[in-house]
Amino acid sequence: MTEHIVKSFQGELDRLSTTIAHMGGLAEAQLAAALDAVAKRDFTLADQVVADDLRIDRIEREIDQQAVRMLALRQPMANDLREVISAIKISSDLERIGDLAKNIGKRARVLDLTRPVRTLQGLDRMGHQTLRQLKDVLDAYSERDAEKALAVWRRDEEIDEMYTSLFRELLTYMMEDPRTIGSGTHLLFVAKNLERIGDHATNIAELIHFLVRGEEPMETRPKGRTIYSPDETNTFPD
């Protein structure tokens, strides 16, 4: 970032960026914990994932307040305006990622009580790929690296293809053994939440590209083949 004559304004921009990075770190940790809770059928860890979402919600409100105050008092322009606007939008995507990780935690709580299905390596791979996407896009934001953000943006199709493959695999298991329908349905929702997290990471990548270069990526947004899927907002009560 260029240094401002008004050092207090530069300090405010730096604090805004630091808060976004902190929020991103919490979202990344929450997603990793949610995936662990599913893999290990860890009821206690799943409860913690659900509870931790409140911290991410609180930070989003703090960022909104900081940004609105800066817009009102500083009236930023050009690069500075992009910094503030991008922070608002990125925090919104991170808040949704936190919500989706919480949804995965809720599914893990129920999976602990239902008949397990066969180990699904595809779900593990999809989880690790989604977590990598989130980590890489957060690094791109911290480094203001448009090329790294663009690499994340281009990889979104991989998660879409993993989701399609996993959807078919789970349906096959459920048709072969109706006793797995309960667990299989919950895992379908886990997979859909991961696919949506990948979409939000891609949104953040586009925002970083705009922040650094002042324009959205010129290429057509990559998207894998989509099939019918459950609505990721369909969750259990807290």
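Colleague: How are H1 and H2 oriented relative to each other, roughly parallel or roughly antiparallel?

Modeller: Two packed helices are described by the angle between their axes and the distance between the axes. In this predicted model, the axes of H1 and H2 cross at roughly 160° and come within 10 Å. Angles over 145 degrees count as roughly antiparallel, so H1 and H2 are roughly antiparallel to each other. The crossing in which H1 passes H2 is left-handed. Sorted by class, the contact of H1 with H2 has 17 nonpolar, 5 polar and 8 charged residues.

Colleague: Let's pick a residue on H1. Is Met-23 buried or exposed?

Modeller: Met-23 has its place in helix H1. With a relative accessible area of 0%, Met-23 is buried.

Colleague: And which residues is Met-23 in contact with, leaving aside its neighbours within four places in sequence?

Modeller: Met-23 is then in contact with Ile-56, Ile-59, Glu-60, Ile-63, Ser-91, Leu-94 and Glu-95. Take Ile-59 as an example: Met-23 and Ile-59 are 36 residues apart in sequence, yet their C-alpha atoms are 6.6 Å apart in space.

Colleague: Now for H7. How do H1 and H7 cross?

Modeller: The axes of helix H1 (residues 7–40) and helix H7 (residues 181–213) come within 12 Å, and they cross at roughly 160°. H1 and H7 are therefore roughly antiparallel to each other. H1 passes H7 in a left-handed crossing.

Colleague: Which residues meet there?

Modeller: On the H1 side you will find Leu-31, Leu-35 and Val-38, and they meet Leu-187, Val-190, Leu-194 and Ile-197 in H7. By class, this contact has 7 nonpolar residues, with no polar and no charged ones. Compare that with the contact of H1 with H2, which has 8 charged residues.

Colleague: What about H6 and H7: at what angle do their axes cross?

Modeller: The axes of helix H6 (residues 156–176) and H7 cross at roughly 175° and come within 10 Å. H6 and H7 are therefore roughly antiparallel to each other. On H6 the contact includes Asp-156, Ile-159, Tyr-163, Phe-167 and Met-174, and on H7 it includes Ile-181, Gly-184, Leu-188, Lys-192 and Thr-202. By class, the contact of H6 with H7 has 12 nonpolar, 4 polar and 5 charged residues.

Colleague: Let's turn to charge pairs. How many salt bridges are found in the whole structure?

Modeller: Side chains of opposite charge can pair when their charged atoms come close. A search of the whole structure finds 15 salt bridges. One of these pairs joins the side chains of Lys-40 and Asp-36, at 4.0 Å from N to O. Lys-40 and Asp-36 are 4 residues apart in helix H1, and so they are separated by about one helical turn. Lys-40 is exposed, with a relative accessible area of 56%, while Asp-36 is partly exposed at 35%.

Colleague: Where do Arg-55 and Asp-52 lie?

Modeller: Both are in helix H2 (residues 43–74), 3 residues apart, which is about one turn of the helix. Arg-55 counts as partly exposed, at 38% relative accessibility.

Colleague: Which residues are linked with Asp-136 in a network of salt bridges?

Modeller: The network links Asp-136 with Arg-132 and Arg-155. The side chains of Asp-136 and Arg-132 meet at 3.6 Å, N to O. Asp-136 and Arg-132 both lie in helix H4 (residues 121–143), 4 residues apart, about one turn of the helix.

Colleague: Is Asp-136 buried or exposed?

Modeller: Asp-136 has 17% relative accessibility and counts as buried.

Terms used:
Residues are numbered from 1 along each chain as its sequence is written. This is a predicted model: local features need pLDDT of at least 70, side-chain atom pairs count only at pLDDT 80 or more; totals for chains, interfaces and linings use all residues. Side-chain values use heavy atoms; hydrogens and water are left out. Axes are lines fitted to C-alpha atoms, for helices over the stretch in contact, and angles run from 0 to 180 degrees between N-to-C directions. Helices (H or I, at least four residues) and strands (E, at least two) are DSSP runs, numbered from the N terminus. Angles under 35 degrees count as roughly parallel, over 145 as roughly antiparallel, 65 to 115 as roughly perpendicular and the rest as oblique. A crossing is left-handed if the near helix is turned anticlockwise from the far one by less than a right angle, and right-handed if clockwise. Contact means heavy atoms within 4.5 Å. Ala, Val, Leu, Ile, Met, Phe, Trp, Tyr, Cys and Pro count as nonpolar, Asp, Glu, Lys and Arg as charged, and the others, Gly among them, as polar. Buried means under 20% relative accessible area, exposed over 50%, partly exposed in between (1.4 Å probe, protein chains only).
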